[in-house]
Amino acid sequence: MEYYVLDNEKVRDYIENTPELKAILGDETLCVEEVGDGNLNYVYIIKSSKNKLILKQAVPFLRIAGEGWPLSRERMNYEIRAMHYYGETVPSAIPQVYHANEAMSLMVMYFLDEHLIMRKGLINGVIYPKFAEHITDFMATTLFKSSSLYLSGEAKRRLMDRFNTNVELCKITEDFVFTFPFMPHHSNAINPMMEAEHQQLQEDTEFKTQMLKLKYLFMTQSDALLHGDLHTGSIMLNAKETYIIDPEFAFFGPFGFDIGALIANLLQSYVSHFERSKNKEYQKWLLDTIEEIFEKFEIKFISHWDHTDESGLLVDGYGNKKVITAFQKQFMQMIFRQSVGFAGAKMARRLFGIAGVEDIEGIEDMEARTRVKKHSLAIAKRFVKEYERIENVKELISIIKEENR
Ligand code: SR1
Ligand code: MG
């Protein structure tokens, strides 16, 4: 099949000519609406009286920048492959995929109409009591089971092979997370009241060298299959269920990168509520959730490890309990510290780069928004500079609280 860009009418025709989808939606005129508000793709809701589905299509350019910014639509292949891996590893964590077409760069999924994009929920101060439990199930399982702590050397390399060529989206992260926001660049969107901070950051040798270290980790440390863009816009949930969507940035990278992205987004919400709701209880829930995520992630990751007899890394008979426990302790600290560093990078990039977050950008009063940005930057700088020294999550929470004003 030749690729073409869909619109509402073409979506109807596509369904009409795809029997497996027609069977789900029934034989009637469909209601189709384009609802994508992300940076990259087009998303359609398709409704009949019988059912509702979501169709997502990648187009050969960066949606946020327009057709003048070409971006290969092959990114959808990696999203399809990642969804397939999740479907086999943690099926309850993703919406059901009914149809995938690599040639058309599209995927059709269950429509989560009882769930909200997490970022919207956080902006409105919604508490999600099961979130930490669900997200740590997802992260501990998908990261562990795609790593050399679980797979044989061969199986890991074969799985990596499916994602190694997601070069364009990795490059987006290399540029837009680790580089452009911290230098003069035409893509930046800098609030005039943050000019001085931006200038200062560019002259901050410690920050810039630490950022290079983090970028180098991102580019070279192929621990596990990452979601690659696990911010709160890639999570849909309600009080009972949590679903992960949008893994088009999937690739083999450092364990801490997804955890860091998530922590950064929870903290962006935390700082935003100093101006948005001023709701101390809600902010406490956010900090408690961060603590719970680190604690539960470690328990679940180690539990997977303790239930694995052999892997590429650990051959039965190599080490006694003492050796393994000592290694696990060092290993978990490495993941924790790198997560903190990546959280700092992810927070800082949102303050100067092309893609800000609604939690902060949606604060209408410019002075209030600037206060939030400065606060976010202060935490981000501490994380980036100190991540290799922070001992544990209690110390991390103290650092966050020290930067409150
Ligand atoms: C051009 S930057 C676009 C951003 O949107 C995605 O969600 C990623 O976070 C990416 O960095
Ligand atoms: Mg996305």
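Biologist: How far is an oxygen atom of ligand 1 from an N or O atom in the side chain of Asn-39?
Modeller: Happy to start there, with the reminder that this is a predicted model. Asn-39 is among the residues that surround ligand 1. A polar contact needs N or O atoms within 3.5 Å. The distance from the Asn-39 side chain to the ligand oxygen meets that cut-off, at 2.7 Å.

Biologist: Which other residues surround ligand 1?
Modeller: Two of them also place a polar side-chain atom by a ligand oxygen: His-231 at 3.4 Å and Arg-350 at 3.4 Å. Besides Asn-39 and these two, the surroundings of ligand 1 are made up of Leu-62, Ile-172, Phe-176, Asp-229, Phe-249, Arg-349 and Ile-354.

Biologist: Thanks! Into which domains is the protein divided, and what distance separates their centres?
Modeller: Domain 1 covers 8–110 and domain 2 covers 116–402. Taken over C-alpha atoms, the centres of domain 1 and domain 2 are separated by 27 Å.

Biologist: How many residues does each domain bring to the contact?
Modeller: Contact here means heavy atoms within 4.5 Å. By that rule, domain 1 supplies 24 residues and domain 2 supplies 30 residues.

Biologist: And which residues of domain 1 lose the most area to domain 2?
Modeller: Between them, the two domains bury about 2300 Å², with 67% of it on carbon and sulfur atoms. On the domain 1 side, three residues together account for 28% of what is buried, and they are Tyr-78, Tyr-85 and Tyr-86.

Biologist: How many salt bridges does the rule find across this interface?
Modeller: Let me begin with a pair of charged side chains. Lys-56 and Asp-246 form a salt bridge, with their closest N and O atoms 2.4 Å apart. The interface also has 8 residue pairs in polar contact. The count of salt bridges across the interface is 3.

Biologist: Which helix gives the most to the side of domain 1 that touches domain 2?
Modeller: By class, that side of domain 1 has 14 nonpolar, 5 polar and 5 charged residues. The top contributor gives 9 residues and spans residues 75–89: helix α3.

Biologist: One last thing: how many residues apart are Glu-388 and Lys-213?
Modeller: The structure holds 31 salt bridges, and the side chains of Glu-388 and Lys-213 meet in one, at 3.2 Å from N to O. Glu-388 sits in the loop between α14 (366–386) and α15 (393–402), while Lys-213 belongs to helix α9 (residues 205–220). The pair links distant parts of the chain, and the separation is 175 residues.

Note on methods. Residues are numbered from 1 along each chain as its sequence is written. Chains are lettered from A and ligands numbered from 1 in the order in which they are written. This is a predicted model: local features need pLDDT of at least 70, side-chain atom pairs count only at pLDDT 80 or more; totals for chains, interfaces and linings use all residues. Side-chain values use heavy atoms; hydrogens and water are left out. Domain bounds come from an automatic or database domain assignment. Buried area is the accessible area (1.4 Å probe) that two parts lose on being put together, summed over both. A salt bridge is a side-chain nitrogen of Lys or Arg within 4 Å of a carboxyl oxygen of Asp or Glu. A polar contact is a pair of N or O atoms within 3.5 Å; within protein, one must be able to donate a hydrogen and the other to accept it, and residues adjacent in sequence count only if both atoms are side-chain atoms. Helices (H or I, at least four residues) and strands (E, at least two) are DSSP runs, numbered from the N terminus. Ala, Val, Leu, Ile, Met, Phe, Trp, Tyr, Cys and Pro count as nonpolar, Asp, Glu, Lys and Arg as charged, and the others, Gly among them, as polar. A residue is near a molecule or strand if one of its heavy atoms lies within 4 Å of it.
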